[in-house]
Amino acid sequence: KKMQTLQALEKNGIVAVLRADSVEKALRITDALIAGGIKSIELTFTVPNADVAIKKLTELYQDRDDVLVGAGTVLDAQTAQTAQMAGAKFIVAPTFDPETAAFCNLYQIPYIPGCMTVNEMKAAMQAGAEVIKLFPSNIVGPAFVKDVKAPLPQLEIMPSGGISLDNMGNWIKAGCKILGVGGSLLKPAETNDFAKVTETARAFVDKYQQLTE
Ligand code: 3PG
């Protein structure tokens, strides 16, 4: 089950990092993102009642095998459990927490912890992580990934933070297959322009495809 989810995350390529100020808005944004071809949603725990949103999304898209709803900003095992009980298929964090890793291993759901150093990456791998979230990735840049992948080729690095249509090609060239994208995708949602969210999502999906062909 864990492998299947990891393969789907790789296939989908882009993970939309969803921050919103209400469950209702998070649902509207997800709808717009999925209409634009995005299939992996990281619903963050900064959304008030995030678990309610995850549960609703899981129910709404239960017939879409290709859509993956996971949880983001999961700082501890208790939150991971809440997310998992709501239906989250993967757990993402800006930090690495060994107890959260142990919880995710027990239930065989991918844990993608936030790492900024090679030592944190090693600790995360030893705790069972196969993908780590490089966060905030705009601070280090794609060259960092390329260098780290020399000693750690078996580690999948998902950059997150500041990824845009313009710079995503550099991350893919550096060896990244899964990209976390928040602000660049969600900007139009600030003014409730959901059609534009769909259009932007489509642009990201198309560009990802072109770059990985
Ligand atoms: C986050 O945790 O918010 C993500 O890393 C997304 O960052 P972004 O909004 O800069 O894309």
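Me: Hi! Which residues point one way from E3, and which the other way?
Reply: In this predicted model, Leu-68, Gly-70 and Gly-72 point to one side of E3, while Val-69 and Ala-71 point to the other.

Me: And are those residues buried or exposed?
Reply: All are buried. Strand E3 covers residues 68-72, and five of its five residues are buried, leaving the strand mostly covered.

Me: OK, what does E2 do with E3, and in which sense, parallel or antiparallel?
Reply: Strand E2, residues 40-44, pairs with E3 in the parallel sense, over five bridges.

Me: Say I'm looking at Glu-42. Which residue is its bridge partner in E3?
Reply: That would be Gly-70.

Me: How does the chain cross from E2 to E3?
Reply: Through helix H3, which spans residues 50-60. The β-α-β crossover formed this way is right-handed.

Me: Switching topic: what is the strand order in the open sheet of three strands?
Reply: The order is E6-E7-E8, and the pairing is parallel.

Me: Remind me, what do strands of a sheet pair through?
Reply: Backbone hydrogen bonds, in either a parallel or an antiparallel arrangement.

Me: Back to E6-E7-E8. Why is one side of E6 and of E8 left without a neighbour in the sheet?
Reply: Because strand E6 (114-115) and strand E8 (156-159) stand at the edges, and each has a single partner strand.

Me: How many bridges does E7 make with E6, and how many with E8?
Reply: E6 and E7, the latter being residues 131-134, pair over two bridges. E7 and E8 pair over four bridges.

Me: Where do the E7 side chains go, and are they buried or exposed?
Reply: Val-131 and Lys-133 point one way, Ile-132 and Leu-134 the other way, and all are buried. The chain comes to E7 from E6 through helix H6 (residues 118-126), in a right-handed β-α-β crossover.

Me: Last topic, the ligand. Which residues surround it?
Reply: Among them are Val-17, Pro-94, Phe-135, Ser-160, Ile-163, Val-181 and Ser-184, along with glycines such as Gly-161, Gly-162, Gly-180, Gly-182 and Gly-183.

Me: Which elements each supply at least two residues of that shell?
Reply: Strand E9 (179-181) and helix H10 (183-186).

Me: And by class, what is in the shell?
Reply: Five nonpolar residues, seven polar ones and no charged residues.

Methods
Residues are numbered from 1 along each chain as its sequence is written. This is a predicted model: local features need pLDDT of at least 70, side-chain atom pairs count only at pLDDT 80 or more; totals for chains, interfaces and linings use all residues. A residue is buried if 20 or more other C-beta atoms lie within 10 Å of its own, exposed if 12 or fewer, and partly exposed in between; C-beta atoms are placed from the backbone. Two strands pair if DSSP finds at least two bridges between them. A crossover is right-handed if, with the strands pointing away from the viewer, the path from the first strand over the helix to the second runs clockwise. A residue is near a molecule or strand if its C-beta atom, placed from the backbone, lies within 6 Å of it. Ala, Val, Leu, Ile, Met, Phe, Trp, Tyr, Cys and Pro count as nonpolar, Asp, Glu, Lys and Arg as charged, and the others, Gly among them, as polar.
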